[in-house]
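Please load the model in your viewer and keep the sequence panel open beside it.

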Amino acid sequence: MKYFRKMIEHYIPVNDDEWAYACGIFDIKHVKKGTTVHHAGDVFSEIWFIKSGLARSYLSDMNGKEHTWQLYFRGKSKHGLNHFMDDSVSFSEKTGSILNFETLEDSVFYVTSLEALNKFISQEKKWERLAKIWIHDTYYSATYKRVLSLMSETAAQRYDRLLNEYPFIFKQVKSYHIASYLGVAPQTLSKLKNESR
């Protein structure tokens, strides 16, 4: 959890006792490659911070085609959205999630219930402040930009945006998952990669 403490201390100061208490609400889960940790239709009730490995969230359309919504891995990124798996809309509205969440390689997560996390956050103003910052930076801002990107940008512009946000993504994620994330065919992604060299 040292990595996450460093991320948090970018926004708020945290002493050792506070950090030990925060860590106490999380369990460590080791998950095998190919495991679906959450199925679409179920209410999402936990948050999964990735310690190591690779995972994705995706939805299936009416024709059974899968569309990758997000890729989760530890690595450099602009806003850290890919560091934790969560569907707060499902949890808040008590409705079945549209997304499936699966591991793409053996992975390790820090996991806690969203109920426990909300209770913890409500105990101190600085944790509430951190939550508001993260909700804006990771959920609102990132999702807003992603949806507008899919609606208004060309495939080449989406590809450039991806590399700007996740500079080392091709070292960590297979191309066909990246193509699905960008909403393009694998052949189109190969063409974009060749043109950018």
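In which strand is threonine 103 found? Select it, and strand β6 is the element that holds threonine 103; helices (H or I, at least four residues) and strands (E, at least two) are here DSSP runs, numbered from the N terminus. This is a predicted model, in which local features need pLDDT of at least 70 and side-chain atom pairs count only at pLDDT 80 or more, while totals for chains, interfaces and linings use all residues. Residues are numbered from 1 along each chain as its sequence is written, and side-chain values use heavy atoms, with hydrogens and water left out.

**Around threonine 103**

With a relative accessible area of 1%, threonine 103 is buried (buried means under 20% relative accessible area, exposed over 50%, and partly exposed in between, with a 1.4 Å probe and protein chains only). Display its contacts next, a contact meaning heavy atoms within 4.5 Å: leaving out residues up to four places away in sequence, threonine 103 touches Val31, Lys32, Lys33, Gly34, Thr35, Leu54, Ala55 and Phe109.

**The nonpolar cores**

Now select Ile8, Trp48, Phe49, Met85, Phe109 and Trp127, which touch the most other members of the largest nonpolar core, a set of 32 residues. A nonpolar core is a set of buried Ala, Val, Leu, Ile, Met, Phe, Trp, Tyr and Cys residues joined through side-chain atoms within 4.5 Å. Two or more residues of this core come from each of α1, α2, β3, β5 (84–85), β6 (100–113), α4 and α5, and β3 gives the largest share, 5 residues. Apart from this core lies another, of 16 residues, including Phe73, Leu104, Tyr166 and Val184.

Centre the view on phenylalanine 49, which, neighbours within four places in sequence aside, is in contact with Phe4, Phe26, His83, Phe84, Val108, Phe109, Tyr110 and Trp134.

**The largest pocket**

Select Ile47, Phe84, Asp86, Ser88 and Tyr139, which, among the 40 residues that line the largest pocket, lie nearest its centre. On a 1 Å grid over the protein atoms alone, a pocket is an open set of points where a 1.4 Å probe fits, with protein on both sides within 12 Å along at least five of seven lines, and lining residues have an atom within 4 Å of a point. The space in this pocket is about 980 Å³, a volume being the space filled by probe spheres set on the points, which are joined across faces, edges and corners. Colour α1 (2–8), α2 (16–23), β3 (46–60), β4 (66–73), α3 (88–93), α4 (114–121) and α5 (125–152) to see the elements that give two or more residues to the lining; α5 contributes the largest share, 8 residues. The lining divides into 28 nonpolar, 10 polar and 2 charged residues, where Ala, Val, Leu, Ile, Met, Phe, Trp, Tyr, Cys and Pro count as nonpolar, Asp, Glu, Lys and Arg as charged, and the others, Gly among them, as polar.

**Two helices with a buried side**

In α2, select Glu18, Trp19 and Ala22, which are buried. They lie on the same side of α2 because they cover an arc of only 95° around the axis, the arc being that of the directions from the helix axis to the C-beta atoms. The face turned away from this buried side carries the exposed residues Asp16 and Asp17. Stay with glutamate 18, whose relative accessible area is 18%; apart from neighbours within four places in sequence, glutamate 18 is in contact with Pro13, Glu124, Lys126 and Trp127.

Move on to helix α6 (residues 155–165), where Arg158, Tyr159, Leu162 and Glu165 are buried. They cover an arc of only 130° around the axis, and therefore sit on the same side of α6.

**Last stops**

Select phenylalanine 170 in helix α7 (residues 169–172), a partly exposed residue at 26% relative accessibility. Beyond its neighbours within four places in sequence, phenylalanine 170 is in contact with Tyr159, Leu163, Ser175, Ile178, Leu189 and Lys193. Phenylalanine 170 and leucine 71 are 99 residues apart in sequence and 12 Å apart in space, C-alpha to C-alpha.

Finish at lysine 94, in the loop between α3 and β6, where phi is near 55°, a positive value in a residue other than glycine. Lysine 94 is exposed, with a relative accessible area of 55%.
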